[in-house]
Amino acid sequence: MPEPGTGVADLRVLLVGSGGREHAMADALSKSPLLDQLLIAPGNAGTAELGENVPVAIGDVPGIVALAQGREVDLVIVGPEAPLADGVADDLHSAGIPVFGPTRSAARIESSKNWAKELMARHAIPTAGFAAFRTIEDSVSYINALPEGSVVVKADGLAAGKGVIIAGTRKEANEAVMKMIGDQLFGDAGSTVVIEECMEGPEVSVFAFVDGATVSNEVSACDYKRAHDGDSGPNTGGMGAYTPPEFWTPELAATIRREILEPVAAGMVAEGADFTGILYAGLMLTESGPRVIEFNCRFGDPEAQVVLARLETDLLEIALATANGELDDVDVHWNDQAAVCVVMASGGYPGSYQTGVPITGLSSTPDGVQVYHAGTSTADDGTVITAGGRVLDVVANGADIAKARGTAYDTVSAINFEGAEYRTDIATRAVGSPTV
């Protein structure tokens, strides 16, 4: 297998995933001189233009391993969290196939919020106070003993980014517990709930490649989880993002690295759960300093779409080095450009929505813009049609946030499909401008 930094080509790579994040990753990987062939399982209409889509489902761990073996891939890169939580990296390792992504044990940093909180407590990583329960009675007793005020109720397991309820009163918090544990609102993911103090301050997503105790240079972004303008409406998988945040400074970056990123990587090594892949820290910048909201074991979506626009180092070289335990040999560099992503969604998302709707306006985009497919497929006649709730991610680069934002929204206005919805206030707080 080629060594990182040699420039030797002929790598056959399998990328697992089907969303906008994976389209952005495929775009970055396709530019690598190390790449010979890119397979995407299962991919979408956008990734089909960059490699070979293979109809293996994201949740089919045995199928992913069999595909990697059958096509003799040199490296598997896993985009979404669910197969990582299901142990796809473990099974690939057992088959002798290098993989960029954490083992099932390390993926618990996302797949079990309670495990992650206890890890942080053991290693003095700043986060909100918390308690975890498996019964309604114990949860309600704990909530009723708290001072009146906001409290956060989280499903312990994976809930596609939607398993968090911010309750303004004890009554609302108790109702949230009953929905999660009693009504199984999030299925088995909510059989245990984590109840946290409600923190206040700006939120920021911070990403770094990690190989055991080695942590690369970090990059930050801000995302928008609510469906509608003004952070109203239900939580979604993400409706937009921008980078860099207007409040980001070298001093803040150094604090986050020193107090959060490096300690959690070292703590996981100390506990025999070495992390390999991209570590995502969701943080709240409180009056007492940065505190962890949650960790994720993969790129954010749509944050990946904007931060990858700033990655100067070859993504495939980074992934290969990380998988081989050689991340410290690679200088990971992010440029100073701005990037803004606006998500175009199907009407009704994150509730019920229509699919199979033709999309127009994709044939030409201005310089500095990428349109990543998040939920699309191709009809029999070759027409690109909607196939999900989040349909397209329009990503624009620019010298600053204002320029990138203007270009992104100009492009969004030229793309059409019936029922299309999007937020008009992405990155407004960074530029102080009104919604479009």
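Biologist: Leaving out residues up to four places away in sequence, which residues does Leu14 touch?

Modeller: Bear in mind that this is a predicted model: local features need pLDDT of at least 70, side-chain atom pairs count only at pLDDT 80 or more, and totals for chains, interfaces and linings use all residues. Residues are numbered from 1 along each chain as its sequence is written, and side-chain values use heavy atoms, with hydrogens and water left out.

Now, Leu14. With sequence neighbours up to four places away set aside, Leu14 touches Leu39, Ile40 and Ala41, then Ile64, Leu67 and Ala68, and finally Val73, Leu75, Val76 and Ile77 (contact means heavy atoms within 4.5 Å). Leu14 is also among the residues with the most contacts inside the largest nonpolar core, along with Val76, Leu92, Ile109, Phe275, Leu283 and Phe295. That core has 48 residues (buried Ala, Val, Leu, Ile, Met, Phe, Trp, Tyr and Cys joined through side-chain atoms within 4.5 Å; buried is under 20% relative accessible area, exposed over 50%, partly exposed in between, with a 1.4 Å probe and protein chains only). Its top contributor is helix α9, residues 250-270, with seven residues (helices are DSSP runs of H or I, at least four residues, and strands of E, at least two, numbered from the N terminus). Another core lies apart from this one, with 46 residues, including Val13, Ala24, Leu316 and Ala321. In soluble globular proteins, nonpolar side chains tend to be buried together.

What about gaps? The structure has one cavity of 30 Å³ or more, and the largest cavity comes to about 50 Å³ (on a 1 Å grid over the protein atoms alone, points where a 1.4 Å probe fits but cannot get out; lining residues have an atom within 4 Å of a point; points join across faces, edges and corners, and volume is the space filled by probe spheres set on them). Its lining takes in Arg21, Met25, Val78, Gly79, Phe100, Gly101, Pro102, Gly277, Ile278, Cys297, Arg298 and Phe299. At least two of the lining residues come from α1, and at least two from β16 (276-286).

One of those lining residues is Cys297, which counts as buried because its relative accessibility is 2%. There are zero disulfides in the structure (a pair of cysteine sulfur atoms within 2.5 Å). Cys341 is in none: the nearest cysteine sulfur belongs to Cys222, 13 Å away. Cys341 is at 0% relative accessibility, so it counts as buried too.

Notes: 1 Å grid on protein atoms, 1.4 Å probe; cavity = no way out; pocket = protein on both sides within 12 Å on 5 of 7 lines; lining within 4 Å.
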